[in-house]
Structures are given as structure tokens and as C-alpha cells.
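User: Please take a close look at the salt bridges in this model and at the strand pairing around them. I would like one connected account.

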Amino acid sequence: MARWASTVTVVAVRDEEDGKVRATTATSFAPVSAEPPEVVVSLNPSAQALPFVEEGGEVGISLLSEDQGRWATVFADPVPVGPTPWREQGVPVIPDASAALECRVRAIHATEGGSRLVVVRVEEIELGPSDRPLLFWAREYRTLPDG
């Protein structure tokens, strides 16, 4: 699958008990339908956010801009350290992402390999200042060439 170019996203959930945000970098993301607006993201069994994702719950999906590779790296780590970008309340999304999706989980489907396909309805979209995405291809973060 290293030949599959994809947008780099960060999937984030706010834990209702302690208010902390659990987030995971994910590159397996795709639109499902335009009306109603739904997308699917695949979370592997070790994804930090996975234990906090539940049907009916809120999830933030940030489509990272080309200059946000550091967030992709931070949230790819099972135990992210350092300052985080989250606002104090509401659905956790990364400021200035190419697009930030505030979503509600509609369904979670287990795969044979242990991953979960999380289908969400997009309730709000915030477009960032840059429409140039951060991509993942051939096991590296990439950007689109100019022109």
C-alpha cells in the first residue's frame, strides 16, 4: 500500500471523563457520500484515539496542510509529548489545517486484521488558510509540486 498516495489526517477525540484529547495520525481516509456528508477513516488497533471512539460520539478529523508535518509525526507516536494544538472545549481539531471536520460517529466496523472502520457524518467544516495538503506516499510525507 506504500504506492497509495493519501491525505494525512489527525483523528481526535475528547475524553468526556478527564477532558484530555486522544489523537492519532491516519492516512486511510475517504469520502463516503456527499448527501449526507460522510467520511470513513480506518484506525489500527494501537491507535491512541480508538478506545475513546464510540457510536454517537464526536470526533474531529483534521486534514493537514503541507506545512503541518510536525503534527503528523507527533500523533503517529503512541505517546505524543509536548504542547498540543487543541482548543479548550468542543470537538478537537488542529487550527489552520487544510480542512477541519467536526463529526459524529455513525458506525464502527471491525476488520479481520483488528482495525476499525469508523464512519462519521460531517456536521461542520472549517477551511484553513492553505488548501495545499500534506500527503503520504512511499512511506514519506510529501507535498504537491508547484504549478
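Analyst: Arg132 and Glu66 join their side chains in a salt bridge, with N and O 3.0 Å apart. Arg132 sits in the loop between β8 (116–127) and β9 (135–137), and Glu66 in the loop between β6 and α1, so the pair ties together parts that are 66 residues apart in sequence. The model is a predicted one. Arg132 counts as partly exposed because its relative accessibility is 24%, and Glu66 is likewise partly exposed, at 28%.

The loop between β6 and α1 (69–76) also holds Gln68. With a relative accessibility of 7%, Gln68 counts as buried, because the cut-off for buried is under 20%. Its side chain reaches the backbone oxygen of Pro95 at 3.1 Å. Beyond its sequence neighbours within four places, Gln68 is in contact with residues including Ile94, Asp96 and Leu134.

Leu134 is also among the contacts of Ser6, together with Thr27, Leu135 and Phe136, again leaving aside neighbours within four places in sequence. Ser6 belongs to strand β1 (residues 6–7) and is buried at 7% relative accessibility. The side chain of Ser6 reaches the backbone oxygen of Thr27 at 3.1 Å.

A second salt bridge joins the side chains of Arg104 and Glu123, at 3.3 Å from N to O. This pair links distant parts of the chain, 19 residues apart: Arg104 is in strand β7 (residues 99–110) and Glu123 in strand β8. Arg104 is partly exposed at 28% relative accessibility, and Glu123 is partly exposed at 42%.

The structure holds nine salt bridges. Another of them pairs Arg22 with Asp15, where the closest N and O atoms are 3.8 Å apart. Both Arg22 and Asp15 are buried. Asp15, Asp18 and Arg22 are linked in a network of salt bridges.

Now to the strands. Strand β2 covers residues 9–14, and five of its six residues are buried. Strand β3 (residues 21–26) runs antiparallel to β2, joined to it by six bridges. The two form a hairpin with six residues between them, and Gly19 in the turn has a positive phi of about 80°. β2 also pairs with strand β6 (residues 58–63), in the antiparallel sense and over four bridges. Ala12 has a bridge partner in each of these strands: Ala23 in β3 and Gly60 in β6.

Key: Residues numbered from 1 in each chain as written. Predicted model: local features only at pLDDT ≥ 70, side-chain atom pairs only at ≥ 80, totals over all residues. Heavy atoms only, no water. Buried < 20%, exposed > 50% of the residue type's maximum accessible area, 1.4 Å probe, protein only. Pairing = 2+ DSSP bridges. Polar contact = N/O pair within 3.5 Å; in protein donor to acceptor, adjacent residues only side chain to side chain. Contact = heavy atoms within 4.5 Å. Salt bridge = Lys/Arg side-chain N within 4 Å of Asp/Glu carboxyl O.
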